[in-house]
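Please look over the sequence and the model shown here before reading on, and keep both at hand while following the text.

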Amino acid sequence: MKIDEIKKQLALKKDTLIQHLEPSIEGKIDLRQEIMSLPFDPLQLTSMQKVFIEQLCKHMDVKKQLFISYDKNFKKTASDEKLSIIWTLYLLDLISFYAYVLHDLKYLNTVIKYLEINNLMSKCIFVSYFINALLNNKVTSP
Amino acid sequence: MKIIDLIVIADIACSTSKTYLHYLNRKNFLVKKVILVNFRKLTPLEMYLKKGLPLFLSQRLISKTSTDISSYYSSTFKAACRFFQNYVPHPIDYFSEFDWQKYTAEVLNFTAEDFNDPFLQKVLDNEKCQNFLYTNGGIVPPSVLEKRKRRIFHIHPGIVPYVKGSDGLLWSALTRDKVGASCFYMDAGIDTGTIIQTKEWVIPHFSNEPIEGLDLDTLYRALLYSFDPHLRAELFSEVVENFYSSLNEIPSKVQKPQEGRTYYAMHPQIKLYALEKMGLSSKISSLKN
């Protein structure tokens, strides 16, 4: 699978999601807004965005669920509403793409575990391909 | 033999405690005391005794389990642990009776649920020596950590700040192409304490002779039970060798909060990939067909 093709499919998903984006609430982190701000190219991630993804991984690995909003430190949830499946799948596709480009097995680990816990493995477009590419082709992590 | 100003908080069922003591002994060190804790859930009767009676009286009535743990483990697990002893500097027979007295001037043995246990906390508070070695027993609460002049040593399998968190041995192999260990003073964060010393080794490459009936989970547990502690013990015995006369004032380096990464429990698929790097995947029976 070519990287350009993956980016194209991610862009299509993003276009659909962006139409349903609601204005964010002041003083809180709106997870959907943050996800939309993430670039397709992981080499363009800012240091703040890298910290944000590390915190996201922590929520997925430890709390095992994502909510639509959090406090400004991204520690406590600010809403009882869980992130919907369509947003979750886009996020996981995006993080698994980062894992693939960066050869980052920590990102891949988080994605695989989160998909399994939430029974979503078959719904994520790229992840099987990325698992195969990273683990079976013996790519080493930088 | 030199007696060092250190108390080991040992978990009766944990291989790590035994390994630390064994490596210190090889360098001619005895520790001042071993607080040998049988960490386990209390029965309702024991809970009742604990609530109703004074601490030291109730503790006498709560049973101390035998140190014989050999019957807890499967023969496959034991075979895998014995296999790993071929690759360590000072092998240990983890399944024979362990003579704790050989490694210390004094052993104190009791049962506690975890580090929140008031009896355990009282025992620690009453010690004149406030240098402790953490070996196992779960999360250490602030009530134990935040005592003036108390120093709790912890040896983590991985080089901090680069490999913090769970499955340090395997994450180190994957992300640094080495295995490592770090000795630091424990604080309230996850592997964020001030660093005393770190060490890395080349990734071990184990032989591929099969062990009958071995599955991924057993292999992984055996590696963590019987190989990983040797790296940590080797580092800690070097720290003690360097600083045994001044354990109260070992220089240490503060970690920067944003430095490095914290890793989480590894998924079996990625575990298998990490074990492959050590030449271990061919030992798993289920992968042979």
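The paragraphs below turn to a helix and its surroundings, and then to the cysteines.

In this predicted model, helix α1 of chain B runs over residues 15–26, twelve residues in total, and spans 17 Å between its first and its last C-alpha, which is close to the 16 Å expected at 1.5 Å a residue. Of its twelve residues, eleven are buried, so α1(B) is largely enclosed by the rest of the structure. The buried stretch takes in S15(B), T16(B), S17(B), K18(B), T19(B), Y20(B), L21(B), H22(B), Y23(B), L24(B) and N25(B). The cover over these residues includes the strands β1 (2–11), β2 (29–39), β4 (131–134) and β5 (151–156), together with the helices α8 (216–226) and α9 (228–243), which belong to chain B. Just after α1(B) comes N28(B), whose phi is positive, at about 70 degrees.

The cysteines can be considered next. A disulfide is a covalent bond between the sulfur atoms of two cysteines. A search of the whole structure, over all chains, finds zero of them. In chain A, the cysteine sulfur closest to that of C124(A) is in C57(A), and because the two lie 14 Å apart, they are too far from each other for a bond; C124(A) itself counts as buried, at 5% relative accessibility. In chain B, the sulfur of C129(B) has its closest cysteine sulfur in C183(B), at 15 Å, which is likewise too far for a bond, where the cut-off for a disulfide is a pair of sulfur atoms within 2.5 Å. C129(B) is also buried, with a relative accessible area of 7%.

Terms used
Residues are numbered from 1 along each chain as its sequence is written. Chains are lettered from A and ligands numbered from 1 in the order in which they are written. This is a predicted model: local features need pLDDT of at least 70, side-chain atom pairs count only at pLDDT 80 or more; totals for chains, interfaces and linings use all residues. Side-chain values use heavy atoms; hydrogens and water are left out. Helices (H or I, at least four residues) and strands (E, at least two) are DSSP runs, numbered from the N terminus. The expected span of a helix is 1.5 Å times one less than its number of residues. Buried means under 20% relative accessible area, exposed over 50%, partly exposed in between (1.4 Å probe, protein chains only). Contact means heavy atoms within 4.5 Å.
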